[in-house]
Amino acid sequence: QAEDGIRDTSVNGVQTCALPICLLSYSRSACPRCHVHIKGDLRDIRHVERVFDQFNVKTVLTAVKPPLLGIHYRDYVELNLLSMLELVKLSKAKGVEHFIYVSSIAAASHYIPHNMSTEDEPKPLYTDYEAPYDISKRIAEDAVLAAHEDGVFHSVSIRTAGIFGGAGDPYDFYMSLPFLISFDVPAVVDANYAANIGDALYVVDRTMKKRPEVGGQFYYYTGEHNPESRIAEMASEVTGKPVFAIPYWMLEKFISWWMWLRFDHNVYSYADLLKMAIIHQTFDNTKFNKTFTDFKPRFTMMDAMKELYGKN
């Protein structure tokens, strides 16, 4: 392979890339770890097809994460669901061999309590879902896994949770304030660091190429089990900022009033996000750890806080 990671084949001029190609969608900035950056939109599958025709793509890793605030429900349907259905069909048609889908605990529903839930538990019915974001993730994941075909197309889904260090991390906003906001709620919600997830996905890719039988199913890799108040305490220890804790009763009242006063029920608001904070969401990562044995997380959540906010 050429030093720059790209060479032209002598047969049909299709480029083969030894380093990652990044299709930047939904106005994301350039990814510093990818060798080739292609501006596009996953909803424009014809553009994605031209990328597949230009490069001999054998592995697809897709992590779709539209913003959660101010987004109309149809954007979730287009981004999380319809574009993913088309991407799976295109990948199979173009000879992609491995497809890694970065899913979310949304596929299990943010608004259904989970207490160390496992992959073997019954899945909610589609009609059980309240949030369009959640059902779009679930149906897309089902389609990805249904496309798995031994020896032809190997697909896998990794359900993540509470990603810090990525787009939408609330603590990025908190760093601009003289204090940190916390919610005094009894619920525990799993949280993880983006760097750990990146490492995990690398191991998933390597493992699936050696042991394709791990495909065709989803795994929970959701990180540490911490109440939101503990996350705030860790951020406070790192930054030295005081914590302003909102009482549970006040949070419930705020959610109730906002849901009643909201102007457009088709657009995600702060009330929808805050509802997630008061519902217990913990998941058992045993199956993931036993399957992908080469993976060991490098960062605890305290480490993550130091990496992300220690200089603020």
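Let me start with Y221, which has 5% relative accessibility and therefore counts as buried, the cut-off being under 20%. Keep in mind that this is a predicted model.

What does Y221 pair with? The partner is F288: the ring centres are 5.0 Å apart and the planes are at 20 degrees, so the pair is stacked.

Next, the count of aromatic pairs, which comes to ten. One of them joins Y219 and F292: the centres are again 5.0 Å apart, but the planes are at 70 degrees, so this pair is edge-to-face. Y219 is in strand 12 (residues 218-220), while F292 is in the loop between helix 9 (286-291) and helix 10 (301-309), 73 residues away. Both of these residues are buried.

Now the charges over rings. K287 has its charged end over the ring of Y219, 5.1 Å from the centre. Elsewhere, R159 lies over the face of F218, at 3.7 Å from the ring centre.

Last, the pocket. Y221 comes back here, as one of the residues lining the second largest pocket, along with N192, E224, N289 and F299, among others. That pocket holds about 160 Å³ of space. Its lining has five nonpolar, six polar and one charged residues.

Technical notes. Residues are numbered from 1 along each chain as its sequence is written. This is a predicted model: local features need pLDDT of at least 70, side-chain atom pairs count only at pLDDT 80 or more; totals for chains, interfaces and linings use all residues. Side-chain values use heavy atoms; hydrogens and water are left out. On a 1 Å grid over the protein atoms alone, a cavity is a set of points where a 1.4 Å probe fits but cannot get out, and a pocket is an open set with protein on both sides within 12 Å along at least five of seven lines; lining residues have an atom within 4 Å of a point. Grid points are joined across faces, edges and corners, and a volume is the space filled by probe spheres set on the points. Ala, Val, Leu, Ile, Met, Phe, Trp, Tyr, Cys and Pro count as nonpolar, Asp, Glu, Lys and Arg as charged, and the others, Gly among them, as polar. Rings of Phe, Tyr and Trp (its six-membered ring) pair if their centres lie within 6.5 Å; planes under 30 degrees apart count as stacked, over 60 as edge-to-face and the rest as tilted. Helices (H or I, at least four residues) and strands (E, at least two) are DSSP runs, numbered from the N terminus. Buried means under 20% relative accessible area, exposed over 50%, partly exposed in between (1.4 Å probe, protein chains only). A charge sits over a ring if NZ of Lys or CZ of Arg is within 6 Å of the ring centre and within 35 degrees of the ring normal.
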